[in-house]
Amino acid sequence: MKTIRTFLAIPLPAPLARSAAEWIHEMKEAGAQKRSTPGTPPPSSPASSNSAMGVKWVPEDNLHLTLKFLGEVENIEIPKICDVAADVCEQFPPFELLFVGSGFLPDVDRARVLIARIEDPTDSLTAMVRMLEERYADLGFKRESRDYVPHLTLGRARSGSRRVSQTAIDHWRQYENESLGEMTAGSIQVIGSFLDKHGPTYNVMNTVDLSGG
């Protein structure tokens with residue numbers, strides 16, 4: 001039976017995604033400069049320029065605010081997944097999120113993930129994730145082992161690395177107090193991830209508007 005690698009996410013407005021992409025572009029430029037030495041040309045590919053950072057960056061088109069990763073889901077189960085998403089969305093009106101600066105997961109000393117930190121003034125995001133965890137656990141999906149931390153993932157340690165480089169950490173800290181912007185979360189998406197030789201391609205299988213009063 002066919003399975004689909006599935007997760008739920010909040011889509012980002014274009015201006016916020018562009019601002020996040022600017023951070024990534026600046027980090028790639030810094031990596032290229034770090035790798036270059038006097039008398040040698042700069043790296044010729046993104047992969048080589050990123051090796052000094054030890055980071056695999058999220059492509060701009062794939063930026064999203066992940067709520068719950070479900071893993072491999074049988075295709076006949078997707079309607080049930082969407083029904084749960086719709087039930088949860090009925091409990092929440094649209095809510096504001098503030099992207100307040102850069103950060104690290106799980107922490108700066110063990111930094112494997114480079115993030116934009118999110119403030120959730122109404123606690124709606126945290127409550128939504130908690131409800132999704134409970135509802136999908138009832139369907140047999142594994143609960144997350146760590147407490148949810150509101151964040152937007154922008155980069156991860158490259159395969160085989162336990163931590164991004166100190167160079168990446170030092171450069172990422174320059175955005176610590178720099179706001180990416182803010183948004184109104186008005187919908188969630190059920191997304192299928194399909195891998196090919198160029199990396200993951202995301203297919204939105206369903207979009208559900210928030211409608212709670």
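The legends below describe several close-up views of one predicted protein model.

Residues are numbered from 1 along each chain as its sequence is written, and side-chain values use heavy atoms, with hydrogens and water left out. In this predicted model, local features need pLDDT of at least 70 and side-chain atom pairs count only at pLDDT 80 or more, while totals for chains, interfaces and linings use all residues.

**Figure 1. Confidence along the chain.** The average pLDDT (the predictor's confidence in each residue, from 0 to 100) of the protein is 90. A score of at least 70 is reached by 91% of the residues. Over residues 43-49, pLDDT stays under 50. For these residues the model has 9 contacts (heavy atoms within 4.5 Å) beyond four places in sequence. Where pLDDT is low, the predicted coordinates should not be read in detail.

Figure 2. Helices (H or I, at least four residues) and strands (E, at least two) are DSSP runs, numbered from the N terminus. Two strands pair if DSSP finds at least two bridges between them. The open sheet has the strand order 2-6-5-4-7, with antiparallel pairing. Strand 2 (55-57) and strand 7 (181-185) are its edge strands, each pairing on one side only. From one strand to the next, the twist averages 35°; axes are lines fitted to C-alpha atoms, for helices over the stretch in contact, and angles run from 0 to 180 degrees between N-to-C directions. Strand 4 (residues 95-105) and strand 7 run antiparallel and are joined by 5 bridges. Phe95 stands opposite Ala185 of strand 7.

**Figure 3. Strand 1 and its two partners.** Strand 1 (3-10) is mostly covered, as 6 of its 8 residues are buried (under 20% relative accessible area; exposed is over 50% and partly exposed lies in between, with a 1.4 Å probe and protein chains only). Strand 1 pairs with strand 3 in the antiparallel sense over 8 bridges. Strand 1 is also joined to strand 8 (residues 187-196) by 5 bridges, again running antiparallel. Thr6 has bridge partners in both: Gly71 in strand 3 and Gly192 in strand 8. In a regular strand the side chains alternate between the two faces of the sheet.

**Figure 4. Aromatic pairs.** The whole structure holds 6 aromatic pairs. Rings of Phe, Tyr and Trp (its six-membered ring) pair if their centres lie within 6.5 Å; planes under 30 degrees apart count as stacked, over 60 as edge-to-face and the rest as tilted. One of the pairs is formed by Phe7 and Tyr202, edge-to-face at 5.2 Å centre to centre with 75° between the planes. Phe7 lies in strand 1 and Tyr202 in strand 9 (residues 199-209), so this pair ties together parts that are 195 residues apart in sequence. Phe7 is buried at 5% relative accessible area, whereas Tyr202 is partly exposed at 30%. The rings of Trp23 and Tyr175 are stacked, because their centres are 4.6 Å apart and their planes stand at 20°. Trp23 belongs to helix 1 (residues 14-35) and Tyr175 to the loop between helix 5 (166-172) and strand 7, so that the pair links distant parts of the chain, 152 residues apart. Trp23 is buried, with a relative accessible area of 2%, and Tyr175 is buried at 2%. One aromatic cluster is formed by Trp23, Trp57, Trp172 and Tyr175.

**Figure 5. The surroundings of His64.** His64 lies in the loop between strand 2 and strand 3 (65-74). The residue is buried because its relative accessible area is 16%. A polar atom of the His64 side chain lies 2.5 Å from the backbone oxygen of Asn62. The side chains of His64 and Thr66 are joined by a polar contact of 3.0 Å. A polar contact is a pair of N or O atoms within 3.5 Å; within protein, one must be able to donate a hydrogen and the other to accept it, and residues adjacent in sequence count only if both atoms are side-chain atoms. Beyond its neighbours within four places in sequence, His64 is in contact with residues including Phe7, Leu152 and Tyr202.

**Figure 6. Asp87 in helix 3.** Asp87 lies in helix 3 (residues 78-89) and is partly exposed, at 33% relative accessible area. Its side chain makes a polar contact of 3.2 Å with the side chain of Arg135. Asp87 and Val208 are 121 residues apart in sequence, and their C-alpha atoms are 9.5 Å apart in space.
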